[in-house]
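Okay, thanks for coming, everyone. Let me put the structure up and then walk you through a few spots.

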Number of protein chains: 2
Amino acid sequence: MAKQPVISMRTDAKELSFDRPAASQIFGFIRDAIIGMELLPGQMISETALAQQFGVSRTPVREALIQLSNIGFVEVLPQRGTYVSKFSMDKILEARFIREALEVAVVGHLAINTDEVTRLEVVAACDKIIADQKVAAADDDALAFQNLDDNFHQTLAGFTHYARVASLIEAEKAHMDRVRSLSLHVSGQYKRILSQHASIIKAIKSGSAEKAAAAMSVHLKDVYNILEVIPQEHPEYFE
Amino acid sequence: MAKQPVISMRTDAKELSFDRPAASQIFGFIRDAIIGMELLPGQMISETALAQQFGVSRTPVREALIQLSNIGFVEVLPQRGTYVSKFSMDKILEARFIREALEVAVVGHLAINTDEVTRLEVVAACDKIIADQKVAAADDDALAFQNLDDNFHQTLAGFTHYARVASLIEAEKAHMDRVRSLSLHVSGQYKRILSQHASIIKAIKSGSAEKAAAAMSVHLKDVYNILEVIPQEHPEYFE
DNA sequence: ATCCTAACCCTTGCATACTAGTCGGTCAAC
DNA sequence: GTTGACCGACTAGTATGCAAGGGTTAGGAT
């Protein structure tokens with residue numbers, strides 16, 4: 001009946017739970033697949049195929065894809081198709097700019113616009129994360145180290161109580177993580193990243209907004225520098 | 001046939017052009033209506049009513065409303081309805097925080113990471129806008145002054161060539177403009193705003209990132225201070 | 001009069017069908 | 001061999017109908 005052999009009908013059929021909107025769940029699945037490079041930059045995404053895989057109609061899939069295009073993960077070309085976004089140096093630099101602007105403001109805010117009790121809470125929470133990161137570094141567990149890095153930056157943003165700031169930072173970081181997953185030089189960077197994290201916390205503890213901002217700025221510039229070799233290694237994913 | 005008397009079938013029927021997706025056009029119309037306070041905070045929005053007014057089906061209207069909920073202009077409650085977002089001091093402060101972070105970074109970037117030719121272009125473009133604003137202030141034309149203010153900030157962001165930065169700033173500013181439209185004290189502020197704008201440009205011209213950032217920070221804090229009286233004047237729009 | 005219940009109407013979420021635009025291949029004309 | 005019209009198989013955009021759940025209200029029992 002179907003012209004397509006429907007070979008992979010169940011290949012990666014994900015189970016959707018019933019207590020949450022399907023569109024939102026599908027959004028999460030596809031986003032994770034893109035970050036995890038299961039869906040490759042430039043690859044076409046078929047609304048109908050996804051609808052079959054998830055066992056739903058095109059409508060929720062379509063709504064998920066629109067959301068993904070908002071955060072720059074896919075591009076939808078009317079009447080032509082929907083494609084996983086390729087990387088571009090411009091977009092990476094822009095993501096770094098936005099993230100640096102926000103995170104610098106966050107640590108500056110935490111350093112001066114909070115009482116000492118809160119500041120100590122921040123320091124305690126982040127010191128714990130740094131300690132865990134040292135363990136992950138000793139074990140050479142890049143994935144755990146990565147997750148703790150996420151945790152570190154989200155914890156800082158979380159203490160501002162600005163929920164959207166945290167989610168913006170997370171979104172910008174996700175773009176970087178997608179690119180970074182192409183390269184695994186990370187393990188060589190443990191020590192530098194750890195000492196940079198420590199500098200940021202030290203500055204917040206001392207109540208110096210300038211030092212905190214400067215430390216965060218140094219950290220992010222350094223982290224993004226790792227990405228500069230990737231376009232040559234994987235030109236097929238860039239545009 | 002219809003249970004509704006269809007009284008206002010044509011009340012504000014907008015014409016949609018055929019060369020662009022309906023959903024995107026409807027998004028623009030509703031967003032402008034919300035900024036212009038034609039749709040009031042807390043007011044319910046009916047998908048079906050809007051579909052009738054625009055002469056389309058619910059689908060594109062629905063997609064437009066989802067987009068609007070992403071930028072925080074409406075809230076959609078499943079099975080209950082879609083409502084224009086009310087204001088809240090928390091959200092206003094957060095919008096200010098994000099905007100300040102980005103705009104401070106923008107002027108800092110322009111002050112140091114550009115060659116002198118570009119910097120002179122920035123200064124020239126902004127000086128022109130400031131001159132126009134002086135005229136608008138002399139005429140007491142608040143609307144023109146407002147539009148030029150938009151222009152000023154968008155021009156600065158535009159020179160970074162980071163398109164998403166500009167659009168993020170615009171989005172955050174839109175939230176403020178919506179609140180500000182409740183109050184028309186603006187006319188008393190012309191002189192201060194003008195001199196603040198001039199300070200920002202002067203700092204960029206001198207190539208001092210610190211001074212430029214500080215000047216922008218002062219400006220934005222001052223502008224948002226105007227909003228602090230509004231919750232008392234219009235508690236019905238706040239939550 | 002008060003409380004509980006059930007029917008109804010409204011909402012958004014999803015499914016399905018249809019429209020129109022684009023790509024790719026085939027085949028005829030030159 | 002090259003070009004161009006045509007046709008079929010895709011695509012996203014839109015229309016419409018149905019399902020599921022919350023809110024309100026009328027009506028009956030107490």
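**Around Ile26(A)**

So, leaving out residues up to four places away in sequence, Ile26(A) touches Phe54(A), Pro60(A), Val61(A) and Ala64(A); contact here means C-beta atoms, placed from the backbone, within 7 Å. Before I go on: this is a predicted model, where local features need pLDDT of at least 70, side-chain atom pairs count only at pLDDT 80 or more, and totals for chains, interfaces and linings use all residues. Residues are numbered from 1 along each chain as its sequence is written, with chains lettered from A and ligands numbered from 1 in the order in which they are written.

Back to Ile26(A): you'll find it in helix H1 of chain A, helices being DSSP runs of H or I, at least four residues, and strands runs of E, at least two, numbered from the N terminus. Is Ile26(A) buried or exposed? Buried, because 25 other C-beta atoms lie within 10 Å; the cut-off for buried is 20 or more, with exposed at 12 or fewer and partly exposed in between.

Last stop, helix H7 of chain B, residues 163-180. Its buried residues include Leu168(B), Ile169(B) and His175(B), and part of their cover comes from helix H4 (89-112) of chain A.

Terms used: Two residues are in contact if their C-beta atoms, placed from the backbone, lie within 7 Å.
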